[in-house]
Amino acid sequence: MCGIVGYIGTQTATDILIAGLEKLEYRGYDSAGVATVLEGEIHRVRAKGKLYNLREKLERIENPARIGIGHTRWATHGKPEEHNAHPHVDTKMRVAVVQNGIIENYRDLREELKQRGHEFLTETDTEVIPLLIAEFLPKAPTDNYQYPSPFLEAVCKTVQRLKGAFAIAVICADYPDELIVARQQAPLTIGFGQGEFFCASDTPALVSHTRAVLTLENGEMARLTPMGVEVYDFQGHRLKKFPRTLDWNPVLAEKHEFRHFMLKEIYEQPGVVRTCLEAYLNSDWNAQANDKQPIQLGMPDSLYENLEQIQILACGTSWHASLVGKYLLEQLAGIPTVVQYSSEFRYAPPPLTTNTLTIGVTQSGETADTIAALEMERQRRTGLDSAYQPRLLGITNRPESSLAQLVPQVIHTHAGIEIGVAATKTFVTQLIVFYCLALDLAYRRQTLSASRIEEIIVGLRQLPAQIELILESQENYVEELAHQFQETQDFIFLGRGINFPIALEGALKLKEISYIHAEGYPAGEMKHGPIALLDAKVPVVAIAMPGSVYEKVLSNAQEAKARDARLIGVVPINDPEAAQTFDDLLPVPAVEELLSPILSVIPLQLLAYHIAARRGLDVDQPRNLAKSVTVE
Ligand code: F6R
């Protein structure tokens with residue numbers, strides 16, 4: 001949520017900043033702005049709306065500055081108007097700040113600053129920061145200064161006053177060769193070039209300049225000058241830190257021939273599922289190979305020992321993936337599993353149980369609620385199980401994220417960078433990780449026979465080709481079908497058992513990118529109330545895959561049909577019963593029920609995409625949303 005960038009070096013700063021913000025626009029797109037230092041003055045340009053508005057403004061201005069900061073905003077405090085856009089400045093316009101996060105004590109700081117005569121020009125929480133920094137700066141330049149820089153000291157004293165989760169980048173007209181950054185529970189990475197240095201909320205903004213990066217940890221700040229980068233803690237003590245080399249494929253961050261990133265990412269699913277399976281399935285294993293393990297997640301035995309319960313914490317689409325995970329962990333490995341919304345869990349945590357594994361699922365690894373819930377569990381559980389450290393595991397697509405810094409074990413979903421705000425390929429790879437985790441546990445706890453594990457693995461290996469088949473056979477049909485729902489106002493999605501979370505996911509995909517109201521229900525619950533919503537204007541999408549609940553879902557669909565609803569079925573290919581029941585068919589290969597979610601979600605992603613695209617909406621950057629929700 002919100003993206004920040006910074007640059008100091010030899011090139012034109014605004015060019016670098018705009019290019020960086022383009023790569024971060026997925027984090028927010030309500031407004032954007034940049035500030036530079038040129039000839040002893042701060043120059044600031046801001047614009048409401050998408051980044052192209054700012055770019056247009058900047059094109060009309062000559063600004064050769066070599067240092068600057070930039071911001072793309074997802075509004076939290078204050079409407080998305082130009083006056084609330086970052087960077088924010090102090091009264092004399094000597095200090096400019098961009099921030100990602102929330103300053104929780106900003107009201108107190110605002111009052112305090114007002115009492116000292118400051119006036120506020122915005123409704124944001126950020127404005128207190130430049131005002132505080134300006135107060136801490138020396139009134140006149142001082143000789144024989146011992147600290148590396150009075151500017152660094154002023155920022156240091158300021159961050160000590162801030163509460164909340166934030167990442168900031170700061171420039172000052174009086175210190176034109178210094179860019180100061182600080183991080184507290186919001187991401188910030190520094191990039192090292194030749195005589196030039198960069199900072200950004202996320203690595204896509206850095207990779208076209210450098211692969212040498214340093215991700216700051218909580219409570220760290222850095223001073224970037226043309227000579228290099230110095231890292232400090234918030235008390236001002238110098239720290240020894242070294243950059244690492246980023247493993248990155250910039251090709252993934254381009255749209256290529258696709259109209260939207262979301263469609264490209266839907267099409268990447270066969271490939272990323274294959275990659276993820278290759279990473280974790282042991283190709284040398286078969287049911288006869290007793291000396292080897294089928295799954296290679298690299299989890300230590302201590303994580304699984306005497307395990308009695310699993311609790312999973314997640315938000316949004318990751319929460320849906322976790323519901324499928326619960327089904328797998330319970331049905332395959334026999335471990336009672338609860339799935340909680342991170343945002344709810346934090347304020348009503350259940351009583352502590354011993355021998356519990358806590359899993360945080362977050363594709364970005366930055367979702368503030370999930371990170372905070374895990375941190376709470378880390379603290380609550382320290383010392384509880386005398387034999388162990390708290391058992392914490394993260395599942396993420398960003399192994400360099402805040403999540404990875406917090407939990408000792410991480411499983412990477414290997415989906416590659418996902419730019420579209422609606423999660424697609426990261427969702428299916430989260431599911432693959434849950435299959436692997438459940439099988440690993442089932443094998444170690446001996447809850448499944450080796451031949452049954454082999455059967456599931458054979459089925460998993462066929463999924464990439466089956467997803468390809470769905471994409472090839474359905475793209476045109478779904479596009480046509482979408483045309484008929486352009487004006488529809490409500491949708492219902494039904495699923496049961498392991499496909500109930502897929503109904504929730506189908507509804508979420510549709511509502512977030514098409515702005516059509518959609519609800520997902522367990523199919524059997526319809527008659528307990530929601531069926532009252534149905535009439536000829538409300539299409540019902542039902543997932544009816546072969547298995548324990550197939551006939552039940554068909555009956556539930558018939559109940560909807562009797563209320564005149566138009567029925568769309570995600571059904572097995574060539575199934576005569578399904579063909580009789582549904583008005584429109586979205587056929588997928590008939591796999592065993594346990595594996596069906598990976599296939600049944602694909603037509604729902606396509607349906608949501610094509611309805612939104614037909615409506616002419618900005619599929620990759622839907623209104624009010626951001627890819628990485630770093631505020632609570
Ligand atoms: C929906 C979507 C969101 C995220 C949610 C959690 O398409 O992307 O619902 O799933 O914001 O994000 P992560 O997984 O990064 O914690």
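Biologist: Leaving aside neighbours within four places in sequence, which residues is Val 541 in contact with?
Modeller: Phe 491, Ile 492, Phe 493, Leu 494, Ile 568, Val 570, Leu 604 and Leu 607. Contact here means heavy atoms within 4.5 Å. Keep in mind that this is a predicted model: local features need pLDDT of at least 70, side-chain atom pairs count only at pLDDT 80 or more, and totals for chains, interfaces and linings use all residues. Numbering runs from 1 along each chain as its sequence is written, and side-chain values use heavy atoms, with hydrogens and water left out.

Biologist: Is Val 541 buried or exposed?
Modeller: Val 541 has 0% relative accessibility, so it counts as buried. The cut-offs are under 20% relative accessible area for buried, over 50% for exposed and partly exposed in between, with a 1.4 Å probe and protein chains only. Val 541 sits in strand S23 (residues 540-543); strands are DSSP runs of E, at least two residues, and helices are H or I runs of at least four, numbered from the N terminus.

Biologist: And how far is Val 541 from Ile 568, C-alpha to C-alpha?
Modeller: 4.6 Å, though they are 27 residues apart along the chain.

Biologist: OK, cores. Which residues have the most contacts inside the largest nonpolar one?
Modeller: Leu 437 and Phe 491, in a core of 96 residues. A nonpolar core is a set of buried Ala, Val, Leu, Ile, Met, Phe, Trp, Tyr and Cys residues joined through side-chain atoms within 4.5 Å. Helix H13 (residues 425-445) gives the most to this core, 13 residues.

Biologist: Why does that core lie between domain 2 and domain 3?
Modeller: Because domain 2 (260-448) and domain 3 (468-620) both give residues to it. Those bounds come from an automatic or database domain assignment. There's also a second, separate core of 31 residues, with Val 97 and Tyr 232 among them.

Biologist: Switching to the ligand: which residues come nearest?
Modeller: Of 15 around it, Ser 318, Thr 362, Ser 364, Thr 367 and Glu 512. The cut-off for being near is a heavy atom within 4 Å.

Biologist: What does Lys 509 do there?
Modeller: A polar side-chain atom of Lys 509 lies 2.8 Å from a ligand oxygen atom. A backbone N or O atom of Ala 423 is 2.9 Å from an oxygen atom of the ligand.

Biologist: How much of the ligand's accessible area does the protein cover?
Modeller: 89% of the 410 Å² that the ligand has on its own, by Shrake-Rupley with a 1.4 Å probe.

Notes: A polar contact is a pair of N or O atoms within 3.5 Å; within protein, one must be able to donate a hydrogen and the other to accept it, and residues adjacent in sequence count only if both atoms are side-chain atoms.
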